[in-house]
Amino acid sequence: MSGSFSRRAFGLGGLACGFLGSTYVRADDNTPVTDTQDAATPPPPERILCYVGGYTQHGPPGGNGDGITAFEMNRKTGSLNHLNTFTDVASPSFIAFSPDKRFLYAVNEINDFEGKNTGAVTAFSVDHGTGALTKLNTVSSGGADPAHLSVHPSGKYVMVANYTGGNFALLRVQKDGSLGPMTTLIHNTGPRMPDRASDNPPGNFAISDHSGSHPHMIHADPSGRFVAVADAGLDRMYVYGINLDTGRLFPAKKPFTTMTSGSAPRHFQFSADGARLYILCEQDSKVVVANFDAKTGDIAPQQAVSSLTAHFRGSTLAAGILFSPDEHFLYVSNRLGDSLAVFQVAQDGGLTLVDEIWTHADYGRALKFDPTGSYLYVANQRSDSITSFRVDKTTGKIGFTWDFTPIGSPTCFEFLTLPA
């Protein structure tokens with residue numbers, strides 16, 4: 001079953017033209033030309049598509065988005081050019097590719113799927129000739145308002161964190177990429193934590209919801225042996241082993257690590273070798289650097305560093321965390337404070353804040369590098385825009401391109417490289 005497209009999208013013929021036509025951008029002056037106009041100018045060797053999800057009208061947060069929008073990236077300028085929007089999907093606030101990028105999965109951050117108090121997950125196949133999405137199926141996520149999903153490195157399971165539902169689940173991936181039975185559903189409990197962190201930034205009146213368990217992210221370590229879960233409501237980082245045959249999770253030797261009271265661990269990044277874990281805490285806007293034991297799954301915090309410069313005062317909530325492709329730098333988005341923090345990563349994994357710049361928009365959330373590592377993109381939920389930054393790969397510092405891509409309530413990205 002293929003999805004519907006918005007009025008701004010191309011029709012069937014236009015879709016083929018939008019993705020496969022011979023029009024390209026002249027490298028010297030950014031002017032669209034065709035092969036017949038300038039046969040001596042070869043097309044780029046690869047085409048880079050960017051898929052953007054966010055909040056639609058259907059869902060508790062409400063939003064201005066239409067679904068999952070596909071853009072093509074201009075490799076010279078970093079600008080994103082609209083191709084089409086897949087509209088038959090409710091509030092796809094987080095999306096992720098399968099390891100082979102043949103399939104795309106999206107949470108549906110809603111709480112009324114099929115009339116029950118639960119959200120959903122939707123599976124799509126991806127046409128590697130055109131980049132078009134075809135909807136495969138939509139299934140229950142097992143809890144209300146799923147906020148994050150990822151695909152296990154084996155490709156066998158989609159893992160989803162249900163924020164309001166207070167639980168997380170594993171869904172089996174079928175041979176055709178569609179979603180099959182739920183194999184695990186876990187709901188953790190713990191003591192009521194304070195709404196604000198004990199080490200809150202000065203003047204921060206924003207609060208995080210600590211009324212109960214609120215899993216905000218679920219992801220496997222690089223080896224695929226362990227699955228980590230950031231629980232922003234219980235201020236804990238959970239670690240589980242996984243049985244790849246059954247899709248069942250079992251607690252690691254040390255089931256969880258308690259973070260700073262009220263800090264609300266939100267997102268995290270593993271180093272590529274799996275030896276370190278970088279945990280972003282929403283409420284106190286800090287990154288916790290921890291050693292990760294590849295044999296036991298044990299988390300051992302070593303450092304905590306603020307994503308705000310010393311002069312900052314006011315309300316802010318950290319949101320996204322992302323390594324540069326070479327892992328020499330780490331980037332963090334700060335909502336409300338509307339800034340991006342740039343950290344240098346030392347050989348021992350330690351962090352030093354080297355820069356903090358304005359996002360030029362409101363409520364920046366997800367961060368994403370394009371596949372070349374030349375541009376960094378920010379999804380600005382409240383500004384209904386994507387902003388982009390040119391990256392200095394030597395210093396890690398970023399400069400605003402002054403390019404704004406209009407899109408309703410964006411929250412997440414995925415990039416796909418296709419042959420020209």
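Q: How many bridges join strand E3 to E30?
A: Nine bridges do, with E3 (residues 46-54) running antiparallel to E30. Strands are DSSP runs of at least two residues, numbered from the N terminus, and two strands pair if DSSP finds at least two bridges between them. This is a predicted model, where local features need pLDDT of at least 70, side-chain atom pairs count only at pLDDT 80 or more, and totals for chains, interfaces and linings use all residues. Residues are numbered from 1 along each chain as its sequence is written, and side-chain values use heavy atoms, with hydrogens and water left out.

Q: Ok, what stands opposite Ile48?
A: Thr417 in E30.

Q: And which order do the strands of that open sheet take?
A: E5-E4-E3-E30, four strands with antiparallel pairing. E5 (80-86) and E30 are at the edges with a single partner strand each, so one side of each has no neighbour in the sheet. The twist averages 25 degrees from one strand to the next, taking axes as lines fitted to C-alpha atoms and angles from 0 to 180 degrees between N-to-C directions.

Q: Where does E30 turn up again?
A: In the lining of the largest pocket: E30 (410-419) supplies at least two residues there, and so does each of several other strands, including E14 (215-220) and E18 (265-270).

Q: How much space lies in that pocket?
A: About 1,400 Å³. On a 1 Å grid over the protein atoms alone, a pocket is an open set of points where a 1.4 Å probe fits, with protein on both sides within 12 Å along at least five of seven lines; lining residues have an atom within 4 Å of a point. Points are joined across faces, edges and corners, and the volume is the space filled by probe spheres set on them.

Q: New topic: is Ser285 buried or exposed?
A: Buried, with a relative accessible area of 0%; buried means under 20%, with a 1.4 Å probe and protein chains only. Ser285 lies in the loop between E19 (276-281) and E20 (286-292).

Q: What does Ser285 touch?
A: Among others, Pro201, Val305, Leu308 and Asn334, not counting residues up to four places away in sequence. Contact means heavy atoms within 4.5 Å.

Technical notes: Buried means under 20% relative accessible area, exposed over 50%, partly exposed in between (1.4 Å probe, protein chains only).
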